[in-house]
Structures are given as C-alpha cells and as structure tokens.
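I opened this entry to look up how the ligand is held. My notes follow the model.

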Amino acid sequence: MNPAAHSHAIDLHCHTHYSDGSLCVDQLLSHVVENGVKTLAITDHDSIGAHLEIAERALQTPCEIIPGVEISCQFGNREIHVVGLQIDINNQDLNRFLSNQQRYRRQRLSAFAEKLEALGIDGVSEAVAGLSPESVTRTHLSQILVSLGAAPDSNRVFKRLIGRKGKAYVAAEWPDLQEVVEVISKAGGHAIIAHPGRYQLARRQLKELISQFVAAGGQGIELAYPNADPALIRWLSEQAIAAGLHGSQGADFHNPEWRWVKPGHFAPMPSNVQPIWELW
Ligand code: AMP
Ligand code: MN
Ligand code: MN
Ligand code: MN
C-alpha cells in the first residue's frame with residue numbers, strides 16, 4: 001500500500017458486477033464498510049443496475065449510498081470517463097442513453113472478438129456472447145483471453161492485444177463529452193472528470209478538456225485516487241479552482257484481489273479545493 005494513502009470515509013468511485021467489478025452489491029457493501037467507508041458512490045461503467053437493485057430490494061445499506069455512474073465518452077479522438085453523481089436513477093433519458101451504451105459495448109466486444117479470432121485465438125466470440133454482466137468491458141474480454149491462454153495475465157493482454165496499441169484494438173466511438181455531461185445534468189446529477197491522470201494527455205490537452213467540460217456544464221474533477229501523481233494533482237487543483245470545478249475522490253475499486261486498491265484509500269485531496277459534496 002502506498003504510504004501516502006490515507007483512509008477516507010467518503011469514496012465516490014467504485015464498481016460492482018453490473019460492470020467490471022468482481023463483487024455483487026452485498027459483497028461490495030461489506031467490503032467498503034470493513035475499509036472504513038461511510039459514504040459510497042457506486043459508479044459502474046454505463047450501468048445503474050446496482051442502484052436499481054438497491055431500490056427494488058429496499059435494501060437497508062450499512063453506509064450512505066450516492067447514486068452514480070461512470071460514462072465513457074469521446075474527447076476528440078481520445079476516450080474519457082465522466083462520473084455522474086447524485087443522478088436520478090429513474091430519469092428516462094438517462095436510462096435510454098445507458099441502454100444504448102450497453103448495446104454498443106456488446107457490439108464493440110464482438111468486433112474485438114472477430115479481430116482476435118483472425119489472429120488465431122479461437123473461442124472468443126462464443127465466450128463474449130456468453131458474458132452475463134449488464135455492461136461488458138475490456139476487463140471481461142481480458143479475463144476471457146487469459147482463460148483461453150492468449151497471454152499469461154491481464155496486463156499483457158492489454159499491452160499485446162486489446163490496449164490502445166494492441167494488435168486487436170478496436171477504437172471506440174463513444175458519444176461526445178458534451179452529450180454525456182448534458183445527460184448527467186438533465187438527470188439532476190453532477191458531472192465529474194474521472195481519474196484525469198490516466199489518459200496520457202499533455203497539460204495543454206488537459207486544459208482544453210477542462211475548458212470544454214466546464215462549457216458543457218461539468219462541475220467536478222477527481223483529484224484524489226490511487227497512484228495519482230502528486231505534481232499533476234497540484235497543477236490540476238490550480239486549474240480546477242480557476243475553472244470553478246469542485247474536487248472529487250474515489251478509489252475506483254474493482255476487485256479485492258487487486259491488493260493495491262482499497263476502498264477509501266488514496267492520498268487526500270488538496271485542502272484549497274472545494275469538495276463536490278459541499279453542493280449536496
Ligand atoms: P472499456 O470501457 O470496455 O474500454 O474497458 C475499460 C476498462 O478496462 C477500464 O475501466 C479498466 O477497468 C480496464 N483497463 C483499461 N486499461 C487497462 C490495462 N492496461 N490493464 C488492466 N485493465 C485495464
Ligand atoms: Mn473498469
Ligand atoms: Mn474509468
Ligand atoms: Mn472506474
């Protein structure tokens with residue numbers, strides 16, 4: 001564990017088995033509470049299935065749950081993730097939008113499967129067609145490829161085959177950043193730029209991203225998450241304050257076997273930034 005990782009009661013980014021998290025809702029809730037989290041946003045990729053389940057079961061949760069989602073979108077030719085927090089999970093436009101994303105995700109994985117089979121890896125299409133999560137991702141595809149023996153581990157699957165520079169990469173065609181911010185805002189939510197350090201964008205591009213995001217109505221940016229570069233976070237904090245963005249934080253937890261990511265554990269957000277939860 002990174003020595004700079006403090007424990008926080010608020011974690012606003014994590015996944016369940018509705019997308020590429022390994023845990024179901026009940027397992028996730030036990031796990032985050034064991035890690036000291038008292039307020040949790042569940043933010044599956046292009047799915048609010050966990051929140052619909054919590055509502056349907058009228059679940060008495062052991063911590064406060066913030067309705068959230070993580071939506072993939074296009075910023076020029078780059079893929080960006082936008083977290084929506086405090087969304088109305090019954091909003092019809094949001095639900096329709098997410099169904100389209102889920103359909104597109106299945107089509108994209110099928111396109112990956114065809115390319116992988118053309119490279120001589122058999123059985124991928126069948127395995128992809130059998131995936132059960134509501135929102136399928138390249139994480140699931142990498143698990144399939146490891147089980148088929150195409151590479152020894154997930155890291156190497158991404159590097160060799162399905163990452164941006166991999167042999168079987170299929171470029172995504174997500175909706176534009178503007179459309180995604182709008183769908184979140186119209187569902188009563190706050191849009192947040194997720195893990196800004198993970199896109200390999202130069203500072204000039206990050207400035208442009210923030211500027212377009214604010215113009216579209218975005219309200220926050222993640223400034224505390226595991227393995228964030230402290231110098232980049234200091235610079236982003238200044239940009240966020242100048243642009244009027246609030247700060248958000250979250251571990252982006254997926255799987256307890258990934259020992260380096262624990263719910264609620266990351267370096268603290270810079271103290272001069274206004275946290276997004278002050279808007280709630
Ligand atoms: P997708 O949204 O289908 O493009 O899948 C993206 C997901 O794949 C991300 O949310 C990560 O959880 C995972 N991912 C992306 N890049 C890597 C990588 N290099 N190694 C492991 N997992 C990755
Ligand atoms: Mn993921
Ligand atoms: Mn993400
Ligand atoms: Mn995430």
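**Notebook: the shell around ligand 1**

I began with the helices, taken as DSSP runs (H or I, at least four residues) numbered from the N terminus. Helix 3 (92–118), helix 5 (138–147) and helix 6 (154–162) each give at least two residues to the shell around ligand 1. This is a predicted model, where local features need pLDDT of at least 70, side-chain atom pairs count only at pLDDT 80 or more, and totals for chains, interfaces and linings use all residues. Residues are numbered from 1 along each chain as written, chains are lettered from A and ligands numbered from 1 in written order, and side-chain values use heavy atoms, without hydrogens and water.

I then listed the shell (a heavy atom within 4 Å). It includes Asp 20, Glu 79, Phe 158 and His 254. I sorted its residues into one nonpolar, five polar and five charged.

Which domains supply the shell? Domain 1 (6–93 + 173–279) and domain 2 (102–162) both do, so ligand 1 lies between them. The domain bounds come from an automatic or database assignment.

Next I checked polar contacts (N or O atoms within 3.5 Å). Arg 138 has a polar side-chain atom 2.8 Å from an oxygen atom of ligand 1. For His 45, a side-chain N or O atom is 2.9 Å from a ligand 1 oxygen. For Thr 139, the distance from a polar side-chain atom to a ligand 1 oxygen is 3.2 Å.

Terms used. A polar contact is a pair of N or O atoms within 3.5 Å; within protein, one must be able to donate a hydrogen and the other to accept it, and residues adjacent in sequence count only if both atoms are side-chain atoms. Ala, Val, Leu, Ile, Met, Phe, Trp, Tyr, Cys and Pro count as nonpolar, Asp, Glu, Lys and Arg as charged, and the others, Gly among them, as polar.
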